[in-house]
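Please have the structure open while you read.

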Number of protein chains: 2
Amino acid sequence: MFTVALAKGALLHESVSTFQNVGLDFSAVLKDSNRQLMVPSVCGRARALLVRNSDVPVYVAYGQAQLGIVGFDVLQEQKLQVANLVDLGFGTCHMSVAVKSSSGYLSASELPPNCRVASKFTNCAKKFFDQIDLPVQLVHLSGSVELGPITGMAEAIVDLVATGRTLRDNGLVEIEELFKSTARLVGHPLSLRLDMGTLQEVIDLIQNQSLTKTIS
Amino acid sequence: MFTVALAKGALLHESVSTFQNVGLDFSAVLKDSNRQLMVPSVCGRARALLVRNSDVPVYVAYGQAQLGIVGFDVLQEQKLQVANLVDLGFGTCHMSVAVKSSSGYLSASELPPNCRVASKFTNCAKKFFDQIDLPVQLVHLSGSVELGPITGMAEAIVDLVATGRTLRDNGLVEIEELFKSTARLVGHPLSLRLDMGTLQEVIDLIQNQSLTKTIS
């Protein structure tokens, strides 16, 4: 029996579909009544761990889950030792720098040196501002990052943007894109090396499914 | 006008009551229909920022909120520059080390050296294990820490315990208490020093309210 880590939240439905299409039915986790964090597949060959988005790479890196599905954004932020196996194409969003629309800044390089930048993704933000050689003071927030510029705590934010509605609702505007993100199938490197074929079969099926989708 | 940071979640109702009892009515934040993250008091003297528990000390430390209410556990974990003003007595819980009840460990010092300990509060956990001189490998998780020992990823967890039900439901048992936690009124040190009386009046009223409760 092997274990897959699934992220609660926005990616959950399509993550369950991905495994369902290759014969692993974890749809029990989607029921409103479900309170279990560990759910066996209907066939009994695998089990799913239902965890926070940012905990998926942790369970996979430590080998408690051999496979997992998680956003590329989380992988970029955490840099844990997991194998990035398949781009699943769903959960599309992008990491952006945003400012108040009234601020007048048109690109990240126009921000004043040593200004404050609020983010849940401070590692991604640090890497980006290091690359453009602009020293900034990063403020780590856990939620509602858009409050940073609104309250005047930060000149800019680095955050994940899907539809852009949250930014618009809060009078913010994107001025630079760091990278695009989609859901990824990830694996525990050692488990993949020691695999006798079980994991590879699942990975191949998901890869083919993903390719078929891209072509059609 | 001054700003208070309120934590969403378990402390919110009593935080709103605390300010309501001293004449600042932020009860609009409690309405199910409320989507605003910034809410003025009915009297117009102050406004509330509705933020994540762990973001309260950030807004207070940077002076975007002059006062805030947050759990002592968050203050211990973050060590940001905020003034710990009043112990409000509600939101009682404690930070504990817990293990699988079947593990046989009766105290933290019995844990094997270099074992894995999962926690959302890795700074608190590090401090504790440093004090008892036990080297451990800390694994940071964002949620459902109880999965750590269940999946075999960690021998122990360090987590906040209120009723103990989550631990019992997952076959875990507490073996050591790190500290007790309650909600605290915190303030921005510089704003307190520059205060012309407005903030001190609110602090004194909340202090008296809290003392009256303790005595009665």
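1. Let me begin with helix α1 (residues 12-20) of chain A, where S15(A), V16(A), T18(A) and F19(A) are buried. A residue is buried if 20 or more other C-beta atoms lie within 10 Å of its own, with C-beta atoms placed from the backbone. These four cover an arc of only 155 degrees around the axis, so they sit on the same side of α1(A); the arc is that of the directions from the helix axis to the C-beta atoms. The cover over them includes β1 (2-7), β4 (67-71), β11 (183-187) and α8 (198-215) of chain A.

2. A word on conventions. This is a predicted model: local features need pLDDT of at least 70, side-chain atom pairs count only at pLDDT 80 or more, and totals for chains, interfaces and linings use all residues. Residues are numbered from 1 along each chain as its sequence is written, while chains are lettered from A and ligands numbered from 1 in the order in which they are written. Helices (H or I, at least four residues) and strands (E, at least two) are DSSP runs, numbered from the N terminus.

3. Five residues of domain 1 of chain A are in contact with eight residues of domain 2 of chain A, where contact means C-beta atoms, placed from the backbone, within 7 Å. On the domain 1 side there are no nonpolar, three polar and two charged residues. Here Ala, Val, Leu, Ile, Met, Phe, Trp, Tyr, Cys and Pro count as nonpolar, Asp, Glu, Lys and Arg as charged, and the others, Gly among them, as polar.

4. Next, the open sheet of chain A: five strands run in the order β8-β7-β9-β6-β10, with mixed pairing. Strands pair if DSSP finds at least two bridges between them. β8 (137-140) and β10 (172-181) of chain A are at the edges with a single partner strand each, so one side of each has no neighbour in the sheet. Within the sheet, β7 (residues 116-119) and β9 (residues 156-161) of chain A pair in the parallel sense over three bridges, and V117(A) stands opposite A156(A).

5. Finally, the chain pair: 21 residues of chain B are in contact with 21 residues of chain A. The largest share of the chain B side, three residues, comes from α5(B). By class, that side divides into 12 nonpolar, seven polar and two charged residues.

Key: Contact = placed C-beta atoms within 7 Å. Buried ≥ 20, exposed ≤ 12 C-beta atoms within 10 Å, placed from the backbone.
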